[in-house]
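User: I am new to this structure and would like to go through it step by step. Please take my questions in turn.

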Amino acid sequence: MRILLLGTAAGGGFPQWNCRSPNSLRAWSGDPAAPARTQTSVAVTLDGKSWVLINASPDLRSQILANPALWPAQGLRHSPITDVVLTGGEIDFITGLLTLREGHAFTLHGSAETLATIDANPIFGALPRDRVPRHAFELDTGFEVLPGLAVTAFDVPGKVPLYLEGQGSLAGRRGTTVGLEITGGGRRVLFVPGCAAIDDGLRARIDGCDILLFDGTLWRDDEMVTLGVSAKTGQRMGHVSMSGPGGAMAGLAGLRIGRRVFIHINTTNPVLAADTPERAVAEAEGWHIPVDGEELHP
Ligand code: MLT
Ligand code: MN
């Protein structure tokens, strides 16, 4: 199995377009220790010819341009992207679907909840069902997305997409936010770009995996408040933080995980710069902070 990290930043990217927090300023200035990043999405393949896109970020076009493995490879019109699997309906997970509109056929997989959200928005009619069939996956039930490559989606604590916050409970229903277990070639990879809390069920699922790609939105829950850039905490956004007693590093410590990798990292998170004390702590805890374009081989 090959996993291409197309983008590693949270919604907004790094530097976020309107952000001048100290961290973002380093990226704006071109500091090589704080390289710019696009919004989180990964592509997975077994044979290097057919690729499954996991989430379609607003940066998808630039991500394709930056990764020759995803360029058209035959005939007049072609893309190696055969399938797109969604973990939710967040803006940073779905808007790249509109980049895939020019006649290409692929299958769109998501929870019934997420596909209903997409199909309620007429703009996604640009991906007609006869060319882009929707497959609503059952939670906790594996399906084969490519020959030999299986995906099982599971519910994780999360939040409804930003644009649906005014319409009821912030937590959403079952299927609003899912993680993916991806198996193939004898390997097991977990992809969880958004997660509001870590419980025993999640720990059990993660235990023993070859690679974990996990929500690394904020270093501290109150990071954006303290910086003065937003009134929102990580919890309010549906994201567990990296550090602290309830954080991802503590919550997942002790599990058998081949490689721990943070993704979906927010523009304010100090681990984005290679020389910060927070980066040193995360690495000492065994976590890898990847860059865009990195390829992982579980
Ligand atoms: C999130 O992960 O909290 C969202 O991507 C935020 C957003 O859509 O701006
Ligand atoms: Mn996001």
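The questions and answers below concern a predicted model.

User: Which strands stand at the edges of the open sheet?

Analyst: The open sheet has seven strands with mixed pairing, in the order E7-E8-E9-E10-E11-E12-E13. A strand with a single partner has one side left without a neighbour in the sheet, so it stands at an edge. The strands in that position are E7 (143–146) and E13 (287–288).

User: Which residue in E10 stands opposite Ile 182?

Analyst: Strand E9 covers residues 178–184 and strand E10 covers residues 187–192. The two pair in the antiparallel sense over five bridges. Opposite Ile 182 stands Val 189.

User: Which element gives the most to the lining of the largest pocket?

Analyst: The largest pocket holds about 650 Å³ of space. Of the 36 residues that line it, Gly 11, Glu 90, Leu 162, Met 237 and His 239 are the closest to its centre. By class, the lining has eleven nonpolar, 20 polar and five charged residues. With three residues, the element that gives the most is H3.

User: From which helix does the largest share of the lining of the second largest pocket come?

Analyst: About 490 Å³ of space lies in the second largest pocket. Its lining has 17 residues, and those nearest the centre are Pro 72, His 78, Ser 79, Thr 99 and Glu 102. Eight nonpolar, five polar and four charged residues make up this lining. The largest share, three residues, comes from helix H2 (residues 60–66).

User: How far away is the cysteine sulfur nearest to that of Cys 209?

Analyst: A search of the whole structure finds zero disulfides. Cys 209 is in none, and the nearest cysteine sulfur belongs to Cys 195. A disulfide needs the two sulfur atoms within 2.5 Å. The distance here is 13 Å.

User: Is Cys 209 buried or exposed?

Analyst: A residue counts as buried under 20% relative accessible area and as exposed over 50%. The relative accessible area of Cys 209 is 3%, so this residue is buried.

User: And is Cys 19 buried or exposed?

Analyst: The cut-off for a buried residue is again under 20%. Cys 19 has 7% relative accessibility, so it counts as buried.

Notes:
Residues numbered from 1 in each chain as written. Chains lettered and ligands numbered in written order. Predicted model: local features only at pLDDT ≥ 70, side-chain atom pairs only at ≥ 80, totals over all residues. Heavy atoms only, no water. Pairing = 2+ DSSP bridges. Helix = DSSP H or I, 4+ residues; strand = E, 2+ residues; numbered from the N terminus. 1 Å grid on protein atoms, 1.4 Å probe; cavity = no way out; pocket = protein on both sides within 12 Å on 5 of 7 lines; lining within 4 Å. Points joined across faces, edges and corners; volume = space filled by probe spheres on them. Nonpolar A, V, L, I, M, F, W, Y, C, P; charged D, E, K, R; others polar. Buried < 20%, exposed > 50% of the residue type's maximum accessible area, 1.4 Å probe, protein only.
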